[in-house]
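Please consult the sequence and the coordinates while reading.

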Amino acid sequence: MRFRFGKVMMVLAIAGLITACNKAVVQQEPDKLVREGLHKLSTQDTKFNFSGEAKLQTEVPTENKDSQAQASSASEDLSPSLVPMKQYQNLLDLISKSFKVKYTGAVDLSQYKIEVIPEYHYEAKNILLSLKFPIQVDLSKLAVYIDSAALTNFSDTFAKEAMPSKYVGERYVKVAVPEDDIKRLPLSDLFKDLSKATDDSYASLDAKSFSSVNVDDFGKKINAKYQVKLTTNAKLTNKMTIVALDSLSKSLQQQGQEAASKNGQYQQQDYEVLKQYVDKLNMVYKNQLNNDGKLSQYMEKMPIIYDYYLDDKGRIIAVRNKIRIYTASKDFERNVYVIAESQIDYSAPKFTMTPTDQNTLNITSQLVGVF
C-alpha cells in the first residue's frame, strides 16, 4: 500500500512539475519570449536552413473604394496631373500580381557562413521569367561569393574573345576585403557580441509593442506553439539598429582597453579600427533621423508588423513581416505593403556553393572607385 501511495505521489509530483514548467513558458512576457528565441538562434541553434517569399501587395483603402469606382466610370475626365499617378498605381498593381521573390538558404553561424538563393519570379499572360542569384557570405573573411550565371552566360559570349580578364565562365564572382586588412580586425570578438547587441536593440522597445496572440492558420500549419506580434515602424526600427551598433561600439572599446594590458593576438588599435567602421555605419542611421526631420517623419508613417512563431522549445520557427510603404501624395489611392514570410528548419545546413581560390573570380579591384 505504501509502495502504491508513493508511486501515486511521484506521478502527481512529476505532473505538477511539468504543469509548472508549461505555465512558466505560457505566462512569460511576449517580449521576453521573442528575445530568448533570438538568443537561442544566435548562440545555441546556430545551424539551420530557411525558406520564404517576399512580395508587394496593394490595397484600395475602404474609404477610397467609392471614389475609385466613380473615377473609373468617368476615367475620361481625369485631370492631366492625375494621369501619371494612375499609371503608377496600375504599375504597382501589376507588380503585386505578377512579381515575387522566393528564397531558400542555409546558415552555420559557428563557421560564420550564410547562403541565400533568391529567385526573382515574374509570371503574367504569355510570360514566365525566373532568375536565380545564389549568394554566399563568409563573415570570417568579409567575402561575398555570387553565382552570377543568370547574367554572365550572356555577357561571356562577348567577353571571352574581347575581354578575357572579365570572362567568368563557370566561376563564382567574389568581392572581399583584402586579406591583409582582415588579419588586423578582431572579427571573431565582434561576432561574439552580436547576440547581446541584438538583445539590447529589442530591449530598447516598449514592452507593450509586443503582444501574444492566438496562433493563426499559417502558424498551425508549421506546428507553432506560440505567436507574438510586434507592432513598430520604420523610425523605431532605425533606432533599434542604432542601439545595436552603439552596443557593439562600446563592447569593442572595452575589449580594446583590456587588450592594452595583455599580449594577445590583437592590440588596442586593432579594436579601435573596427570600432571606427561600426561608428561610421552608425552615423548613416543617425543621419537618417537627423535629416531636417522630414525623413524621420516619413519613417514614422511606415508601420511595420512582425509576427514571430515559436515552437514548444521556445525556438523561432518562422517570421512574417508586413511593412507599409509611405506614399506622400493624397491622390495616391493605394495602400502599398512589402510582405515577407520566412520559415526556419533546424536541420543540418545544406550549402550549394563551395567556393575556392580556383573556382572564383575576384572582382574587388575592379570595383575600387565605383562605390
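1. Aspartate 200 counts as partly exposed because its relative accessibility is 24%, where buried means under 20% relative accessible area, exposed over 50%, and partly exposed in between (1.4 Å probe, protein chains only). Lysine 196, at 51%, counts as exposed. The side chains of aspartate 200 and lysine 196 form a salt bridge with an N to O distance of 2.8 Å; the term requires a side-chain nitrogen of Lys or Arg within 4 Å of a carboxyl oxygen of Asp or Glu. Both residues belong to helix α8 (residues 194-203), four residues apart, or about one turn of the helix. Helices (H or I, at least four residues) and strands (E, at least two) are DSSP runs, numbered from the N terminus.

2. The model is predicted: local features need pLDDT of at least 70 and side-chain atom pairs count only at pLDDT 80 or more, whereas totals for chains, interfaces and linings use all residues. Residues are numbered from 1 along each chain as its sequence is written, and side-chain values use heavy atoms, with hydrogens and water left out.

3. Lysine 192 is exposed at 60% relative accessibility, whereas aspartate 189 is buried at 13%.

4. Which parts does the pair of lysine 235 and glutamate 300 tie together? The side chains of these two residues meet in a salt bridge of 3.7 Å, N to O. Lysine 235 is in helix α10 (residues 234-259) and glutamate 300 in helix α12 (residues 294-300), so the contact ties together parts that are 65 residues apart in sequence. Lysine 235 counts as buried, with 17% relative accessibility, while glutamate 300 is partly exposed at 44%. Elsewhere, salt bridges with shared partners join Asp216, Arg320 and Glu341 into one network. The search of the whole structure finds 13 salt bridges.

5. The largest pocket holds about 1900 Å³ of space. It is lined by 48 residues, and those closest to its centre are Ser42, Leu109, Ile114, Leu194 and Thr198. On a 1 Å grid over the protein atoms alone, a pocket is an open set of points with protein on both sides within 12 Å along at least five of seven lines, a cavity is a set where a 1.4 Å probe fits but cannot get out, and lining residues have an atom within 4 Å of a point. Grid points are joined across faces, edges and corners, and a volume is the space filled by probe spheres set on the points. The lining comprises 34 nonpolar, twelve polar and two charged residues; here Ala, Val, Leu, Ile, Met, Phe, Trp, Tyr, Cys and Pro count as nonpolar, Asp, Glu, Lys and Arg as charged, and the others, Gly among them, as polar.

6. The second largest pocket has a volume of about 320 Å³. Its lining has 19 residues, with Asp138, Lys141, Ala143, Tyr145 and Lys174 nearest the centre. By class, seven of the lining residues are nonpolar, five polar and seven charged. At least two residues each come from β5 (135-138), β6 (143-146), β7 (172-176), α6 (179-182) and β13 (360-362).

7. One cavity of 30 Å³ or more is counted, and the largest cavity has a volume of about 40 Å³. Arg35, Leu38, His39, Ser42, Ser195, Thr198, Asp199 and Tyr202 line it. Helices α2 (30-43) and α8 each supply at least two of the lining residues. The classes are two nonpolar, four polar and two charged.

8. Two residues of helix α5 may be considered together. Alanine 149 lies in this helix (residues 149-162) and is partly exposed at 26% relative accessibility. Leucine 151 and leucine 131 are 20 residues apart in sequence, with 8.9 Å between their C-alpha atoms.
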